[in-house]
Amino acid sequence: MLSYRHAFHAGNHADVLKHFVQIEIIRHMAQKPTPFWYIDTHAGAGLYALDTGYAAQNAEYRDGIGRLWDRDVPDALAPYLETVRALNPDGQLRHYPGSPWCAHLALPPESRLRLFELHPSDFTLLDDNCRTLGRRARVAQEDGFHGIKALLPPPTRRALILIDPPYEDKRDYLRVPLAVAEGLKRFATGVYAIWYPLLQRAEMQALPGALKALPANSWLDVTLTVKTPSNDGFGMHGSGMFILNPPWTLKNTLAEVMPFLAETLAGDSGAGFTLDARES
Ligand code: SAM
């Protein structure tokens, strides 16, 4: 059953963390001349309107990208803000780039996008949005956990793999470490970036530990808490990004930016961040 629609959440605090980290990784990888692949196992629709439709209903973006839009931000956040500004050239925040579009705008010309999206409506939107990208992007209406197997290792032997499931089905908490373990067997040097929600659920709390136990030389785990966990145990109080084989510069960049994000995106005094890493 597929009920999740990312449009409801486009541009929220979790998207800010995810897309900022994603763009940083791509910018680092783009410093080498060899092209690389960007693989998105759960791509969503690609582009979102913020002022109409689902995104406008709860307007979650107002407490996400909306809080950064007219602010002076740390230099390291500028490439992310410029990516969103590229879609809003008149200065009014009306459009938001999903992970495929963040990748498209940040990737060097010779690099390629391989995108999976299972939901029929979001797949159609993604497919339409990607038409302008021609052969640079391939879109598949397939299970991304399964679909990446055939792509690893990619021909260029360089790739960022973003794994960003909805976790509405709690089996996603098990499928993520299994998919990464399988990926590392096929392609040990890939950069794997996993987004996860911060919830008071045992399955969620076990996920970072399961990822840390995988046989990668290095990893980085960053979390952004925006509010105090609720007394009833329900709801998301923040999110995290877990990166295996991260760029060596990412930890310092996050150390510079996370205090600003935690303060600017705070919903209450429980806001904060954590940054943990194992370096090779
Ligand atoms: N990565 C997107 C972004 O940052 O813009 C957001 C993706 S959203 C969190 C998760 C997406 O995964 C949803 O659009 C959902 O329809 C899709 N999905 C759910 N299960 C899937 C699966 N097994 N394979 C591929 N897509 C799936």
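**Notes on the sheet and the ligand site**

1. Let's start at Asp-164, which sits in the loop between β6 (159–163) and α8 (172–186). Bear in mind that this is a predicted model. Asp-164 counts as buried, because it has 24 C-beta neighbours inside 10 Å, and the cut-off for buried is 20 or more. Setting aside neighbours within four places in sequence, its contacts are Lys-18, His-42, Ser-99 and Trp-195.

2. One of those contacts, His-42, is worth a look too. His-42 belongs to the loop between β1 (37–40) and β2 (47–49). Is His-42 buried or exposed? It counts as buried, because 23 C-beta neighbours lie inside 10 Å. Again leaving out neighbours within four places in sequence, His-42 touches Phe-116, Gly-144, Ile-163, Asp-164 and Pro-165.

3. Both residues turn up in the UniProt record: an unreviewed entry gives the feature "binding site" at His-19, His-42, Ser-99, Glu-117, Asp-143, Gly-144 and Asp-164. As for the ligand in the model, 21 residues surround it, and the closest are His-42, Gly-44, Gly-98, Ser-99 and His-119. Sorted by class, that shell holds eight nonpolar, seven polar and six charged residues.

4. What flanks β6? On one side, β1 pairs with β6 in the parallel sense over four bridges, with Tyr-38 opposite Leu-160. β7 also runs parallel to β6, again joined by four bridges, and there Val-191 is the bridge partner of Leu-160.

5. Zooming out, the open sheet has eight strands in the order β5-β4-β1-β6-β7-β9-β8-β10, with mixed pairing. The edges are β5 (137–140) and β10 (272–278); each has a single partner strand, so one side of each lacks a neighbour in the sheet. From one strand to the next, the twist averages 10 degrees.

6. For an antiparallel pair, look at β7 (residues 191–198) and β9 (residues 238–244), which are linked over seven bridges. Pro-197, for instance, has Ser-239 in β9 as its bridge partner. Further along, helix α10 (residues 250–264) lies across β8 (219–225), β9 and β10, and runs at about 170 degrees to β10.

Technical notes:
Residues are numbered from 1 along each chain as its sequence is written. This is a predicted model: local features need pLDDT of at least 70, side-chain atom pairs count only at pLDDT 80 or more; totals for chains, interfaces and linings use all residues. Two strands pair if DSSP finds at least two bridges between them. Helices (H or I, at least four residues) and strands (E, at least two) are DSSP runs, numbered from the N terminus. Axes are lines fitted to C-alpha atoms, for helices over the stretch in contact, and angles run from 0 to 180 degrees between N-to-C directions. Two residues are in contact if their C-beta atoms, placed from the backbone, lie within 7 Å. UniProt positions are given in the numbering used here, feature names are shortened, and annotations may be inferred rather than shown by experiment. A residue is buried if 20 or more other C-beta atoms lie within 10 Å of its own, exposed if 12 or fewer, and partly exposed in between; C-beta atoms are placed from the backbone. A residue is near a molecule or strand if its C-beta atom, placed from the backbone, lies within 6 Å of it. Ala, Val, Leu, Ile, Met, Phe, Trp, Tyr, Cys and Pro count as nonpolar, Asp, Glu, Lys and Arg as charged, and the others, Gly among them, as polar.
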